[in-house]
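Subject: Handing over a structure

Dear colleague,

I am passing the structure below on to you, and after it you will find an account of what turned up in it. Please read the notes with the view open beside them.

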Amino acid sequence: MSDFTDLIEEFLAWQSGVRGLSEHSVAAYRSDLYAMAAMLKTNMPPQAKNPACDTVTTEDLRACIGALSRQNKAAASINRFIASVRNFFAYCRRFDYIKIDPACDLKTVKNPVRVPKFMSAEEVDALCAQPGQTPLLWPERDTALFEMLYSSGCRVSELAQLKLGDVSAAYDSALVRGKGGKDRRVFFSKEACAALKRYVAERGKTIGKAGAQAGGKTTEALFINRKGGALSARGMRFIVSRYSSAEGTNRHVSPHVFRHTFATAMLRSGADIRAVQEMLGHSSISTTQRYTHVTTEELTALYNRAHPHGSENK
């Protein structure tokens, strides 16, 4: 009988060290699997200190899913839990910790399709102009950050990991590392390129001061804070939140909305969905297809407004 805690930690180490998953992905696995262990423990006999991996049944796991449903967890959260559980027990079966995989018959729950939140062209322009109009933090850096988020479609975690050496000499593209350790090249618009050049000049001055104070030690991160340290993804989220608050545009958005807006704009302009999938770094085209719902809804609304027999003209 194998103790869950030891196996979970072994599995997490394997995901991180062998598969090269990000800290965020490993943390998601940890949260789901320890939640599973806790729920299974409540169904174990009182004398059992920990549930054992090779005693878990499919019904036990279905009971866990049912418990999450009764807690009104979102379908996406439940499906992530199911995926984590499946991968964990597949690992246990692969390395002969169990003889029968109790998770192989688990079914995902229906996940309602939600149209991604995105900004209009006017809203993007207004937000990108905010650092220059309302210099709350570091205008050159923040303008470059906003322009790069919009023109590249990068995840905020990808920009946080970006090093100055990853950017092309012309500042018009960069090599980023996405989920699963997959590298891809992303591209920057003329506005983003110009903003990045202005920021890099200011970055050099800040790095010079920080290096002098720290005995020559500096960071290679492209985006830095005022002290010369690497700017984290959390810091980037704060910056976007600050400029989209009542102090700025007064329409709160997250960095991921830039990514949604990029994908929507590309598909609106007729870009091939496979090309957009590559630019976003999606492993499955079904993820990219979410954005086609946006354009389809817009076409439907346009039809209803313009056609003589459209619903709005009756």
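A salt bridge is taken here to be a side-chain nitrogen of Lys or Arg lying within 4 Å of a carboxyl oxygen of Asp or Glu, and by this rule the count comes to 11 salt bridges. Please keep in mind that this is a predicted model, in which local features need pLDDT of at least 70 and side-chain atom pairs count only at pLDDT 80 or more, while totals for chains, interfaces and linings use all residues. Residues are numbered from 1 along each chain as its sequence is written, and side-chain values use heavy atoms, with hydrogens and water left out.

**The chain as a whole**

The secondary structure comes to 13 helices and 2 strands, where helices (H or I, at least four residues) and strands (E, at least two) are DSSP runs numbered from the N terminus. Of the 314 residues of the chain, 40% count as buried; buried means under 20% relative accessible area, exposed means over 50%, and partly exposed is what lies in between, with a 1.4 Å probe and protein chains only. The accessible surface of the chain amounts to about 17,200 Å², and 52% of that belongs to carbon and sulfur atoms, the areas coming from the Shrake-Rupley method with a 1.4 Å probe and, for residues, only the protein chains shown counting as cover. If a contact is understood as heavy atoms within 4.5 Å, then residues 24 or more positions apart account for 59% of the contacts with a separation of 6 or more.

**Salt bridges**

R62 forms a salt bridge with E59, and the closest N and O atoms are 2.8 Å apart. The two residues are separated by about one helical turn, because they stand 3 residues apart in helix 3 (residues 58–70). R62 counts as partly exposed at 40% relative accessibility, whereas E59, with a relative accessible area of 51%, is exposed.

A salt bridge also brings together the side chains of R251 and E123, at 2.9 Å from N to O. This pair links distant parts of the chain, since R251 is in the loop between helix 9 (233–243) and helix 10 (255–268) while E123 is in helix 5 (residues 121–133), 128 residues apart. Both ends are partly exposed, R251 with a relative accessible area of 30% and E123 with 31%.

The side chains of R141 and D142 meet in a salt bridge as well, at 2.8 Å from N to O. Here R141 counts as buried at 5% relative accessibility, and D142 is buried with a relative accessible area of 0%. Elsewhere, salt bridges that share partners join R155, E158 and R184 into one network.

**The two strands**

The hairpin of the two strands has 5 residues between them, and in it G180 takes a positive phi near 70°.

**Aromatic rings**

Rings of Phe, Tyr and Trp (its six-membered ring) pair if their centres lie within 6.5 Å, with planes under 30 degrees apart counting as stacked, over 60 as edge-to-face and the rest as tilted; the structure holds 11 aromatic pairs. One of them is F11 with Y29, which is edge-to-face at 5.2 Å centre to centre with 90° between the planes. This pair links distant parts of the chain, F11 being in helix 1 (residues 4–17) and Y29 in helix 2 (residues 23–42), 18 residues apart. F11 is buried, with a relative accessible area of 0%, and Y29 counts as buried at 9%. F11 and F88 form an edge-to-face pair too, at 5.6 Å centre to centre and 90° between the planes, and this one connects helix 1 with helix 4 (residues 75–94) across 77 residues. Ring pairs link F11, W14, Y29, F88, F89, Y91 and F95 into a cluster.

Terms used: Two strands pair if DSSP finds at least two bridges between them.
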